[in-house]
Amino acid sequence: MQPLPSTQPWDEDDGFHEECGVFGVWNATDAAALTALGLHALQHRGQEASGIVALSEPSNFNAHRGLGLVGDIFGDAKVMASLKGRCAVGHNRYATTGETALRNVQPLFADFEFGGLAVAHNGNLTNAAQLKRALVRRGCLFQSTTDSEVFVHLIAISLYSNVVDRLIDALKQVQGAYSLVALHDGALIGARDPLGVRPLVLGRLGAGEGGAYVLASETCALDIVGAEFVRDVEAGEIVIINNDGLRSIKPFGRSQSRFCIFEYIYFARPDSVVEGTPVYETRKRIGSELARESHVAADVVVPVPDSGVPAAMGYASEAGIPFELGIIRNHYVGRTFIEPTDQIRHLGVKLKHSANRPMIEGRRVILVDDSIVRGTTSKKIVEMVRQAGAKEVHMRISSPPTTHSCFYGIDTPEREKLLAANHDVAEMAQIIGADSLAFISLDGMYRALGRPGRDAANPGYCDACFTGDYAIPLTDLTGHPERAPALLAANGQ
Ligand code: SF4
């Protein structure tokens, strides 16, 4: 058995990283300020960079983009004053493709023959490299290294006359997971990929004709601006919002929805409601299922904060043993804080999390976390809890083993670096140093979402990082644009 590398930086590299957040507003006073607030609520989806493009009459687009957190980029009154207009789109970036550089910060903006268009995209295209090669051969000059610019060039070369038809033309050529918001001087447009992998919700701000429409990755961004939740934008739906109201089109035909199940486990903010299901409640139910499946005698249930908290509450309540905050998280650790020496790296665990010794000492502890990726974080957490005097440490994970990488917009290591892809559960327990380790089962996860279990013919969610059942073709990876056989059969194709 290979030992884990001892010089691995603290979980900068160990864990799933959120993808991106998008926000758009049509016809509201201070549209850019509302967008900045929405992006602030979506900060958990991306902390590397943010941008806003605002539209003022008649066709003036003003943009500001920066590296860092929303509050730092848009906290300057002069910046906000420059973003005039009643319509805006914004984006929080976590780089899943392309390096961290200002030229990659969205929304992207381009001038076309029909006018300006700003595009903000969350997700990952699985045939972007193939499309990009073809576009470059046709003379398209790429300004950024992001997948998202592919949309812009496909729209530019489309032979259709209006922007919506051009967008549909572009979307029909891309494969992958995307939720996007786009703004031109005639409309705010929202779109989700045909399987609806990434989230997008529609909200309404104020009533009647003077009311504004809002599009956002999650409902927590509607709440912060006081918008009422209207509905999720559906899988494969395009919504076009302008002064005449809202129009919906579904250009892709019917297919089974495959919403990312990991949004419930980790990515979405716990106060969001996604696809009609509250995230917080779901996480608690996953914890209850986990306790039913794999409880072990213990004195206390301790979450690995923050995302492990609701699952640990559900676990403790089901198991009938106390829930305690036995690990405290320091929220003020910056991304660049870790010094590059091995000795300081080793202290990393204490920078971000520290043990609350009185809650742990002399006790048999059940630790609840959302996932194990490489295992380096879990190993250090277990070690820390033991050093704080725990008699036993049992790790319980509120997701099934992560055996495959995500290609749909979530930053995960290559498969060979995923602990569960290379070891069974007993080996993993030994590697992370836990007395026992258990993951929720696939069926248990689906039961927590109100289903009897996983229906292989129609799972209803993307769960590829646990099953390898990739519903969208991985064309850039495999060179073949074929779709997954199970989905083809289920769709009668
Ligand atoms: Fe979500 Fe996993 Fe599917 Fe990626 S592979 S979209 S993380 S469920």
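His353 is buried, at a relative accessible area of 3% (buried means under 20%, exposed over 50%, partly exposed in between, with a 1.4 Å probe and protein chains only). The model is predicted: local features need pLDDT of at least 70, side-chain atom pairs count only at pLDDT 80 or more, and totals for chains, interfaces and linings use all residues. Residues are numbered from 1 along each chain as its sequence is written, and side-chain values use heavy atoms, without hydrogens and water.

**His353**
- His353 sits in strand E19, residues 353–355 (strands are DSSP runs of at least two residues, helices H or I runs of at least four, numbered from the N terminus).
- A polar side-chain atom of His353 lies 2.9 Å from the backbone oxygen of Pro305.

**His394**
- Strand E21, residues 392–397, holds His394.
- His394 is also buried, with a relative accessible area of 5%.
- Leaving out residues up to four places away in sequence, His394 touches Val296, Ala297, Val365, Ile366, Leu367, Asp435 and Ser436 (contact means heavy atoms within 4.5 Å).

**Helices H4 and H5**
- The axes of H4 (residues 128–137) and H5 (residues 149–157) come within 10 Å and cross at roughly 45° (axes are lines fitted to C-alpha atoms over the stretch in contact, and angles run from 0 to 180 degrees between N-to-C directions).
- Ala128, Leu131 and Leu135 of H4 meet Val150, His153, Leu154 and Ile157 of H5.
- By class, this H4–H5 contact has six nonpolar, one polar and no charged residues (Ala, Val, Leu, Ile, Met, Phe, Trp, Tyr, Cys and Pro are nonpolar, Asp, Glu, Lys and Arg charged, the others, Gly among them, polar).

Notes: A polar contact is a pair of N or O atoms within 3.5 Å; within protein, one must be able to donate a hydrogen and the other to accept it, and residues adjacent in sequence count only if both atoms are side-chain atoms.
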